[in-house]
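Dear colleague,

Please find below the structure that I am handing over to you. My notes on it follow directly after.

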Amino acid sequence: MIIENQAMVTDAVVDAVSRTEDPRLREILLALVRHLHGFVREVRLTEREFQEAARIVAAIGQKTTASHNEAVLMAGSLGVSSLVCLLNNGNSGQTETQANLLGPFWRDDQPPSASGDTLVRSPTPGPGLAVRVAIEDANGRPVAGAEVDVWHSSPEGLYENQDPTQAEMNLRGRFVSDQAGRFHFRSVKPAGYPIPIDGPVGELVKATRRHNFRPAHLHFMIYKPGFKTLISQIYSPDDEHIDSDVQFGVTRALIGDYVRHDEPAPEPDFGTPWYSLDQRFVLVSGDARRPVAPIRAKAAAEAS
Ligand SMILES: [Fe+2]
């Protein structure tokens, strides 16, 4: 069609994408066009602002490397990641869920670990943390043989892939639950951390006068055929940013019972104070599928 006015642009695009063969893709594209055009009309986007928007989208891609994913960070900073997670879990958003954001730091080659192992693979100062995990199905029966990835930041707030001073795969492991659905491990207590603000996400955070911290947490991914892969995070309630996460990830179901201990620890490599966490996860039946890893290398490896 020959476009005669601004309203007709939307009609023309809707007409064009209506020919999409795949029904789900057609549904998504039609809604995308409707909302995108509605957004432009609502804010009466200027030409200069449109050029700026194109620059930001391009910068998100340019900022993304093998060890950093600006797109995931932006989705989190706008609450989209949380919304997608909550709409797709907990009985389609009706009930509480242990599902949470994947985040930008999972690696799909987490090192195999035995129950009782430590995640500390190079000197990492900080309070010791002893974690015991139990995995059940929806009927409370233990789930044996589940592969559980664990990863977290250091007490300085850096993941190993961001920090050349940490050993490859420091504070990462992949465990398998035993016949009782359990395993345990040792590590150091993670700290909250600032998300990087040297790119478009930083521009957003600064413009909206927000801090750029995530509260301290452990990441878990639980994989077993027959169950929906559970991606979770367990947050530490003593973190000052527990109720103002820059990635909008903290839900009540995910605040962990981290217990501080001032008595000597049973583990010889722990000083005082040290912490413990008993964590139970419930799997629901569904598709077992690991996601595409948002990163695949350490920053140092990428530079060489
Ligand atoms: Fe994280």
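Which residues of helix α7 (residues 200-207) are buried? They are Pro200, Val201, Gly202 and Val205, where buried means under 20% relative accessible area, exposed over 50%, and partly exposed in between (1.4 Å probe, protein chains only). Helices (H or I, at least four residues) and strands (E, at least two) are DSSP runs numbered from the N terminus.

Please note that this is a predicted model, in which local features need pLDDT of at least 70 and side-chain atom pairs count only at pLDDT 80 or more, while totals for chains, interfaces and linings use all residues. Residues are numbered from 1 along each chain as its sequence is written, and side-chain values use heavy atoms, with hydrogens and water left out.

Helix α7 and its partners

The buried residues of α7 pack against α3 (47-63) and α4 (70-77). Just after α7, Arg209 adopts a positive phi of about 55°.

Because Glu203 belongs to helix α7 and Arg55 to helix α3, the pair ties together parts that are 148 residues apart in sequence. Glu203 counts as partly exposed, at 39% relative accessibility, and Arg55 likewise counts as partly exposed, at 34%.

Further salt bridges

The structure holds 18 salt bridges. One of them joins Glu168 to Arg107, with the closest N and O atoms 3.0 Å apart. Glu168 lies in the loop between β2 (147-152) and β3 (172-176) and Arg107 in the loop between α6 (90-93) and β1 (128-137), so this pair ties together parts 61 residues apart in sequence. Glu168 is partly exposed, with a relative accessible area of 43%, whereas Arg107 is buried, at 3% relative accessibility. Both residues belong to a network of salt bridges that links Arg107, Asp109, Glu160, Glu168 and Arg172.

The side chains of Lys189 and Asp238 also meet in a salt bridge (3.1 Å, N to O). Lys189 is in the loop between β4 (182-188) and β5 (193-194) and Asp238 in the loop between β8 (230-235) and β9, so the pair ties together parts 49 residues apart in sequence. Lys189 is buried, with a relative accessible area of 11%.

Tyr258 is found in strand β9 (residues 258-261) and counts as buried, at 11% relative accessibility. Leaving aside neighbours within four places in sequence, Tyr258 is in contact (heavy atoms within 4.5 Å) with several residues, among them Lys189, His217, Ile234 and Leu277. The side chain of Tyr258 reaches the backbone oxygen of Ile234 at 2.7 Å. The C-alpha atoms of Tyr258 and Ile234, which are 24 residues apart along the chain, are separated by 9.4 Å.

A nonpolar surface patch

Leu32, Leu36, Phe39, Val40 and Val43 form a nonpolar patch on the surface, with about 420 Å² of accessible area together. Patches consist of residues with over 30% relative accessible area and no salt bridge, with like charges joined within 9 Å and nonpolar side chains (Val, Leu, Ile, Met, Phe, Trp, Tyr) within 5 Å. Accessible areas come from the Shrake-Rupley method with a 1.4 Å probe; for residues, only the protein chains shown count as cover. Val40 lies in helix α2 (residues 23-43) and is partly exposed, with a relative accessible area of 35%.

Yours sincerely

Definitions and conventions:
A polar contact is a pair of N or O atoms within 3.5 Å; within protein, one must be able to donate a hydrogen and the other to accept it, and residues adjacent in sequence count only if both atoms are side-chain atoms. A salt bridge is a side-chain nitrogen of Lys or Arg within 4 Å of a carboxyl oxygen of Asp or Glu.
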